[in-house]
Structure formats: structure tokens, C-alpha cells
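Here is a short report for a reader meeting this structure for the first time. Please look over the sequence and the model before reading on.

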Amino acid sequence: MQRRNIQHGVLVTNAFLRTNKFVEHYEWLAEAAKQYDIRLDLWDNTHVLTDFGDVSSGLPESVDFVIFWDKDIPLATKLYQECLQRDIPMYNRPEAIALCDDKCRTYQALAACQEYAFTLIPTIVAPMTYQGIGYGDAAFVDRIIERLSLPLVIKECFGSFGQQVYLARSREEVMEYTHRLAGVPFLYQKYMKPSHGVDVRLQVVGDQVVAAMKRRSVTEDFRANLSNGGSMERYEPSVAECEIAVQAAKALGLSFAGVDLLFAKGESHPATVVCEVNSNAHFRNIAECTGVNTAQCIMEMIVQEAESRGTK
């Protein structure tokens, strides 16, 4: 069989995230595609409307693959259905994006995966209620505190860049956050003291970790996110850390991902606790830290997969 030559791709982004922080990633992906003589068209989520009465998305016949760099799940699903019909790969698939977007679903999927053994943060999902009704009886909070102990972390299920994540140091603070977030999906999690203010980001592409960095808070903040003012340094992950990151990405069905690990026994030991998995993790910071351009790694993976399909 002859090599399958790919020449044309589509990158789907969000029409309303147009700051440099986002746009530069789109440009990096387009530039990486150009190095393989691939034309990568930039579409946003207003270019194709999620019209259930129209089965066609308007993808040109020449398109060989789609990169979906957004969280518009209905649109991703529409495009994916067409990609399936035309045998066009889509990175990442809508279900994988949805699993990562909702932290509750992330933990459920990882905990349910029997094929791999993950160490997860002990987590309890807040009982569902409705905005305007709230928690008339919040006695369940005492059972959660008994299970997870104080302080504990409260994390909204939808959020990015370390936002919507809180540290409650007392029962009163736990109650305050519980009532404030009533009607919003959120989680209670055990506070990982050995990893206070520090974590590890591993960038996964395909079956390997292509880059890794350690992030550290420069204040007393328990979160290590760079968007909160943290620092970064190149990190050499252990074999075990790489296996955990790759397995977490696979368990969620991701072709590429940013996997965040926490230290369970302090920084002198490997980071083995899965904190979060990001389906479209930003990669400028890790490129500045490590010199590895994730966009190039993603494009290389797409080309290699096309060649593999072409020889079958």
C-alpha cells in the first residue's frame, strides 16, 4: 500500500477567545502544519453552526483531519459524526473533551477504568441541588469533613487556570463555600499537604510524554498554576510518572493532553497522584521552560498516524 499523504486539515477554535494567550496556540499549530506542507484552515465555532436539521458541516472533500481546540461539545459531536462517516480522524474526540471539561466526570472515568491503576485524590461529589433552593439541610458536610479531614479543597467542576478552586481551613469555611456554590456542580477533595503550592505538568502526545515542568507557587497559595503567579522549572519525570500520565490520557480517550500530578510524599518522591487532565492544555509556558514545541509534536503524531493508516 502507498503512503497516505495528508495535505489539508481544519483547526476548530472558539470565536470568543481571541486574546494573545489563545491565538498564539492556533498560530503555532498552523506553523507546525506548514512544516509538513499541510494547509491548516482556522475555523471558529460560529463558522459551522450546530444545526441538527443539517447533517453536513461543510467540511471540504480535501480535508484529511480535524483538530478540535475548543469545548463546544455539541459542535464537536456534529463534526465527529461527519468525520466518522468519511474516515477522517478528529483530535480530540468530543467525549474525551467532555470528560476533561467536567472534573466530576474526569474522576468518575478514571476511577472506573479497571485496565489502569491510578492514584486519585480522595474526592466526594457535592449532592445536587438547585440554584434558588440551595442546601436547607447541610448536615452532610460533617460526614464529608470526617472522611476528608480539614483543611479540604473545594473545586467547581467547570473551571480553568486554577480558578474556581478553594481551600477551606475550617468547618465554617466549608459551610460558607457549600452554601455559596449551591446549585453549581462542585467537589470536595482531600488537601494534599505534601504538594502544597507545587505540582507537575506532563505534556502527553500519543503514547509518550514529550515535555514536563514543575510549577511552584511564589506565594502561600496552595495552587501552583502559572496564571496565579507561579514559577516553573524543567522537570525530568520518572518512568512511573510518564506511565501514569500516558495511562490517564488513554483512559479518557485523548490523543494529546496536559496531565497534572501531585506529590503524595513530598518532592523527594515521584509525583503519583492525578490531579487534573486537560484536553487542550496551553503549551507556551512549557515550551519556554523546556524548549519543546508541543504543536510540532502534535503535528508529527498526526502525520505518523496517517502514514500508519496508509500502509495497512
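## A first residue

Does Asn 5 count as buried, exposed or partly exposed? At 46% relative accessibility, Asn 5 is partly exposed. Buried means under 20% relative accessible area, exposed means over 50%, and partly exposed is in between, with a 1.4 Å probe and protein chains only. Asn 5 sits in the segment before β1 (8-13).

## Ground rules

This is a predicted model, in which local features need pLDDT of at least 70 and side-chain atom pairs count only at pLDDT 80 or more, while totals for chains, interfaces and linings use all residues. Residues are numbered from 1 along each chain as its sequence is written, and side-chain values use heavy atoms, with hydrogens and water left out.

Helices (H or I, at least four residues) and strands (E, at least two) are DSSP runs, numbered from the N terminus.

## Aromatic rings

Rings of Phe, Tyr and Trp (its six-membered ring) pair if their centres lie within 6.5 Å. Planes under 30 degrees apart count as stacked, over 60 as edge-to-face, and the rest as tilted. By this rule there are 7 aromatic pairs. One of them joins Trp 69 and Phe 256: the ring centres are 5.5 Å apart and the planes stand at 20 degrees, so the pair is stacked. Trp 69 lies in the loop between β3 (65-68) and α2 (73-86), and Phe 256 in strand β13 (residues 256-263), so the pair ties together parts that are 187 residues apart in sequence.

Both partners are shielded by the cut-offs above. Trp 69 is buried, with a relative accessible area of 4%. Phe 256 is buried too, at 3%. Trp 69 and Phe 256 also belong to one aromatic cluster with Trp 28 and Phe 283.

## Helices α1 and α9

Two packed helices are described by the angle between their axes and the distance between the axes. The axes are lines fitted to C-alpha atoms, for helices over the stretch in contact, and angles run from 0 to 180 degrees between N-to-C directions. Helix α1 (residues 20-34) packs against helix α9 (residues 294-310) at about 50 degrees, and their axes are 8 Å apart. The two helices are therefore oblique to each other. Angles under 35 degrees count as roughly parallel, over 145 as roughly antiparallel, 65 to 115 as roughly perpendicular, and the rest as oblique.

The crossing of α1 and α9 is right-handed. A crossing is right-handed if the near helix is turned clockwise from the far one by less than a right angle, and left-handed if anticlockwise. Which residues of α1 and α9 meet? Trp 28, Leu 29, Ala 32 and Ala 33 of α1 meet Ala 295, Gln 296, Ile 298 and Met 299 of α9. Contact means heavy atoms within 4.5 Å. The residues of this contact divide into 7 nonpolar, 1 polar and no charged. Ala, Val, Leu, Ile, Met, Phe, Trp, Tyr, Cys and Pro count as nonpolar, Asp, Glu, Lys and Arg as charged, and the others, Gly among them, as polar.

## Helices α5 and α6

Helix α5 (residues 140-148) and helix α6 (residues 171-180) pack at about 125 degrees, with axes 11 Å apart. That makes α5 oblique to α6. The crossing of α5 and α6 is right-handed. From α5, the contact uses Phe 140, Val 141, Asp 142 and Ile 145. From α6 come Arg 171, Val 174, Met 175 and Thr 178. The residues here divide into 5 nonpolar, 1 polar and 2 charged.

## Backbone details in loops

Two cis peptide bonds can be pointed out. One joins Tyr 91 and Asn 92, with omega about -15 degrees. Asn 92 is in the loop between β4 (90-91) and α3 (94-101). Another runs from Leu 150 to Pro 151, with omega near -10 degrees. Pro 151 is in the loop between α5 and β7 (152-156).

Ser 149 lies in the loop between α5 and β7. Ser 149 is not a glycine, yet has a positive phi of about 70 degrees. Its relative accessible area is 32%, partly exposed. Asp 87, in the loop between α2 and β4, also has a positive phi, about 60 degrees, without being a glycine. At 51% relative accessibility, Asp 87 counts as exposed.
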